[in-house]
Amino acid sequence: MEIGTYLEFGAWSLEFLKLTEVLMKLIIAIIQPYKLEEVKEELYKQEINLMTVSEVLGHGRQKGVAEVYRGSKETGNLLRKIRLEIAVNDDFVEPTIKAIEKGAKTGETGDGKIFVLDLRECVRIRTKERGSAAIG
Amino acid sequence: MNGFKVFLVMAFVIFGVFAGPCAFGQETALKIDTGDTAWVLICSALVMLMTPGLAFFYGGMVRKKNILSILMQCFIILCVISIQWVLFGYSLSFAPLKGFWGGFSWFGLNGVGLAPYADYSSTIPHQVFMIFQGMFAIITPALIIGAFAERMKFSAFLLFTVLWATFVYDPLCHWVWAMGGWLRNMGALDFAGGTVVHVNAGIAAIVTALLIGRRKNLDSNVPAPHNLPFVVLGTALLWFGWFGFNAGSSLGANGIAANAFVVTHTAAAAAGLSWALLEWLRNGKPTMFGVASGAVAGLVAITPAAGFVSVIPAIVIGLLVSVFCFTAVSVLKPKLGYDDSLDAFGVHCVGGIWGAIATGLFASKAVNPLGADGLFFGNPKQLLIQLIAVVVTILFSAVGTLVIYKVVDILLGMRVNEKEELIGLDLTQHRERAYTVLE
């Protein structure tokens, strides 16, 4: 085969890969409960309005140390946290992370974590739309 | 910690100042009526129950991170004002000295004995009258809590409460209810505390709400009541206790008590119904919260009138109070933007003013010969007297509250810091939480 055919095939494969590439992410953030309002405000500023919020228990490095100030004498206890789940298209990932950081950071242990996961599919039940179109 | 020390010092100063000379009051040998005594003792217990009732009424309305702070504030008032009352509060309110307050002659209940005291109640022991009045002195500052809920520092709250009870409640109580009190001499009718308790606390509420400012994030996240069943439980306890509040104010097991009992119940029922109907018309659905608010508003409004009006006026008073309070709470408050968080002003001040005016309209000597006729019974002067009593209460309470607030704010700082407010008062003021997530 000629070199031109190889190049053509290569370009076509790239196109195909792009099409099948995951273009959405699920961002999960664990934050301090009292920071929820600030995080929401920062997210709204970036026009990120869709999220799921739940109250959860957990601990990382903090192991209840900061909690002494907040009430519980026992260390090692599970602490109250807020878990945010936000599904976004790729171009919104950085703004979302920045907004959560800005809203949730105090500099003390216990500020929380942000996890970013590939999101393979998204379906809007009402319209049966799929993928990027369904996410926002 | 520092706040606590300042509070202690202030407490000693107050107690020290008041530990003045004590004198014995004169008591003549009047005969105790067992029925009257039993009734007023029971009523004192009923009124006591209103403060925990109020705690649940308010506690259900706040966010779950703040419910213990409300319960705590109500219960600590129960503790601290009870002590204040027997030490010097009762003396300041009811002792025979004429003028700003009653003086210190009954300090530590000196001279307040087990025989009747003719000036106030000739058929029950003086101490029964004292403890019955004490329950009123307790619930009045507790009513104000609704205005500054979810953002006041506990130490500051405690000092504010003691100062307010001493320098606002006790003098006003003296003017309206004590023998020789100038509003009483003028002929103002306040059967069970419409002005002394409700207008007084309601004005203190709006003043503190304005001074302390709005809660954080109020616009982005309108706080919903975290436990409406608590609000309803509190309403039920208040309604029940209010029979003691109003029917007990006759100070005897007699016809006036029966009248007060019946009109109190009727007005509460009418107001609860009317609030629900208003919501139905305006918002499309009647709510449980609305019925509860209405019932309390009705109880507030009938309070000054309970011993002077008959049952049809009671229905009118109840039906209309919800119109006024509903307007204050859901039209006036959002428009003016003050954060009277749990509507202490909107219900108690507005309802109390309406009650005082309604007393001037509907009072009848046919119901109570010791009372007076109101406007609708041919005595327009009574309405004027009622208005004067309301205006005096408003002015005195507003100025007194303002001064006390400023003093405490300088000494301790009234408001918690932003982080504490966001975390919640339960954890930051009391290191406790009301609810767990997992067991």
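Predicted model: local features only at pLDDT ≥ 70, side-chain atom pairs only at ≥ 80, totals over all residues.
User: Fine. How many helices and strands does chain A have?
Analyst: Five helices and four strands. From the N terminus on, chain A reads α-β-α-β-α-β-α-β-α.

User: In what order do the four strands sit in the sheet?
Analyst: S2-S3-S1-S4 in chain A, as an open sheet. The pairing is antiparallel.

User: Which strands are at the edges?
Analyst: S2 (52–58) and S4 (112–119) of chain A. Each has a single partner strand, so one side of each lacks a neighbour in the sheet. The twist from one strand to the next averages 25°.

User: And S1 with S3, how many bridges?
Analyst: Eight, in the antiparallel sense, between S1 (residues 24–31) and S3 (residues 79–89) of chain A. Ile31(A) stands opposite Ile82(A) in S3(A).

User: Which strands does H4 of chain A touch?
Analyst: Helix H4 (residues 93–104) of chain A packs on the sheet and touches S1, S3 and S4 of chain A. Its direction makes about 5° with that of S1(A).

User: What share of chain A is buried?
Analyst: Buried residues are 21% of its 136 residues. As for contacts in chain A with a separation of 6 or more, 74% come from residues 24 or more positions apart.

User: Switching to chain B. At what angle do H8 and H9 cross?
Analyst: Roughly 140°, with the axes of H8 (residues 228–247) and H9 (residues 255–283) of chain B coming within 8 Å. The crossing of H8(B) and H9(B) is right-handed.

User: Which residues meet there?
Analyst: From H8(B): Trp239(B), Trp242(B), Phe243(B), Asn246(B) and Ala247(B). From H9(B): Ala257(B), Ala260(B), Phe261(B), Thr264(B) and Ala268(B). By class, the H8(B)–H9(B) contact has eight nonpolar, two polar and no charged residues.

User: What about H12 in chain B, how many of its residues are buried?
Analyst: 18 of 19, so H12(B) is largely enclosed by the rest of the structure. Its length agrees with expectation too: at 1.5 Å a residue, H12 (residues 344–362) of chain B should span 27 Å, and its end C-alpha atoms are 25 Å apart.

User: Last one. How many residues of each chain are in contact across A and B?
Analyst: Eleven of chain B and eight of chain A. On the chain B side, five are nonpolar, three polar and three charged.

Terms used. Residues numbered from 1 in each chain as written. Chains lettered and ligands numbered in written order. Contact = placed C-beta atoms within 7 Å. Nonpolar A, V, L, I, M, F, W, Y, C, P; charged D, E, K, R; others polar. Helix = DSSP H or I, 4+ residues; strand = E, 2+ residues; numbered from the N terminus. Buried ≥ 20, exposed ≤ 12 C-beta atoms within 10 Å, placed from the backbone. Pairing = 2+ DSSP bridges. Axes fitted to C-alpha atoms, helices over the stretch in contact; angles between N-to-C directions. Expected span 1.5 Å × (residues − 1). Left-handed = near helix turned anticlockwise from the far one by under 90°.
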